[in-house]
Amino acid sequence: MGFPQRKAAIVGVYNTKQARMIEGSSWTLALEAIQGALDDAGLKHSDIDGLSSMMYDASLTAQQMWVEQLGGRPMTYTSHGIAGALVTKAAAAIAAGLTNVVCIYFGNAGMRAGPSKQRAAAEAAPVVRKAPRVPDWDFNIHGAYMSAWYALWTRRYMDQFNAPYENLAEYPVIARYHATLNPASIMGERGEITVQDVIDSPMISSPLHRLDCSLDNDGGYAILVASAEVAKNCRKEPIWVLGGGEGIYTDFYMSFTNDWINDNGQSVRKASEMAFAGAGVTRDDIDVAAMYDCFPVTMARNIEEMGFCSVGEGHEYIKEGHLKLGGKLPTNTDGGLLSHSHCGNPSGMHVVEVVKQLRGECDARQVKDAKIGAVLSQGYAVHGVAGVAILGKD
Amino acid sequence: MTEQPYNKPLPQRLPENEEFWEGLEAGEFRVPKCNNCGYWHWIPYPACRNCLSTDQTWTATSGKGTVFSYTVVHRGPGGFRDDVPYVLAMVEFPEGPRNPIVLGTMVDVDPDAVHTGMPVKVVYEEIPGEDVTIWHFAPDN
């Protein structure tokens, strides 16, 4: 049995304002996003009967509170993870008759992640008399954090494939260019950058410079996936879920083996192969894409593992400009995590951007006649969690 | 120089991993080795990843490995902020067939001299006033 193509569609999407600090609570920001997506779809909160929360976020108990918030009546479906996988599983659940309208939601206010948060906490903390204790194999014991982790992956990639840093540094340049065409992006107003600007930005964790690193900001978003029956009465044209897949592996940066890059692939490869096979489309059919791009090396590995180029050639694919608007695989046209927004758990915004592209709502950054799009959500350096959704319009 | 209290995160010392922490105190980096299939594992799990046997023994590794990857951190979190620049390394141990890769900071090394493939050894740091010894890596000359 294949993937139930065109049985469910994305009918509503919404990004709240994305900014360094947003007043209010994460709850109110997520609520604003849900209301925005409902308006976009022309649906009411009482139409929602399935809920999907994002990785690290809402536990089942918190989901139950959201069920109360959104109408105080039983819902029939719940899921948890990263956006590409949540869209895929919502579509499968809808096709199976478990639910009719699934809401994927996220909000993050006043809760910066990363070193800035840890430093603020360290400064606010009382004088330390005993060292803080963390789980026994936690990377924080060794002074690691996300940028340092991805610096380790970047160095390994560069050494294994003789990949020049300058090739990878082309990615932030592309992302910033896209952001200049997206009025909602955080960095667009600062204008375009060059590879030399990336190299000249402060070193964070070698070889990564500041402009190689994701933003660290607040924001929210929501996505509504609905049955074909519901979709035909919605305000906007349906963006069909054609195929998808999920992969899960690795124990949060604690275990590694030397097969990070191997012939069989890890989570992203598995999810991608499943998604393209289920959708019955080829890589060449993809008009527009959005992929989790927390650092340049992740983008290089994304396109390799998704099959858009060979393993070890991702850095050259980036250098050749294929990901840029006008290239053969325009990707992250909103500016992505480096120049649009990284609101702490941002994988849903990759879905939002592809939906807007397929609807033709992207103005200056619109990919002409985009009909089929691919979304990749991933985490843990490409071999960890992965979610792929292939989307298409009528 | 007055000894400053250690203000970086430290691991919880749990009973099920007691032999590991005792090993560090004895100058050994011990990992679970499966008595059924012979695989060495890092991080520890209650059962072997290869054959799911729970018959594993904490076994001392050679304590030597090679740098799989490294970074020089210039912006450190929390208690590490004043240590920059410091070197963080992923070190591949020779004990196979699923060779463990272990994360740690490098000490006694010029950051510019670190390279992928560099031979290193585990070194041990007893934390004053705390109940754990932690590990680092140093060049194995």
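**Ground rules.** Residues count from 1 along each chain as its sequence is written, and chains are lettered from A, ligands numbered from 1, in the order written. Since the model is predicted, local features need pLDDT of at least 70 and side-chain atom pairs count only at pLDDT 80 or more, while totals for chains, interfaces and linings use all residues.

**Entry 1, Ile199(A).** I found Ile199(A) in helix 8 (residues 195-200) of chain A; helices are DSSP runs of H or I, at least four residues, and strands are E runs of at least two, numbered from the N terminus. Leaving out residues up to four places away in sequence, Ile199(A) touches Ala169(A) and His209(A); contact takes C-beta atoms, placed from the backbone, within 7 Å.

**Entry 2, chain A against chain B.** I looked up the contact and got 36 residues from chain A and 40 residues from chain B. Helix 5 of chain A gives the most to chain A's side, with six residues.

I saw strand 5 of chain A pair with strand 1 (residues 10-11) of chain B, parallel, over two bridges (pairing takes at least two DSSP bridges). Val134(A) stands opposite Pro11(B) there.

In helix 3 of chain A, Ala83(A), Gly84(A) and Val87(A) meet residues of helix 14 of chain A, including Ser347(A) and Val351(A).
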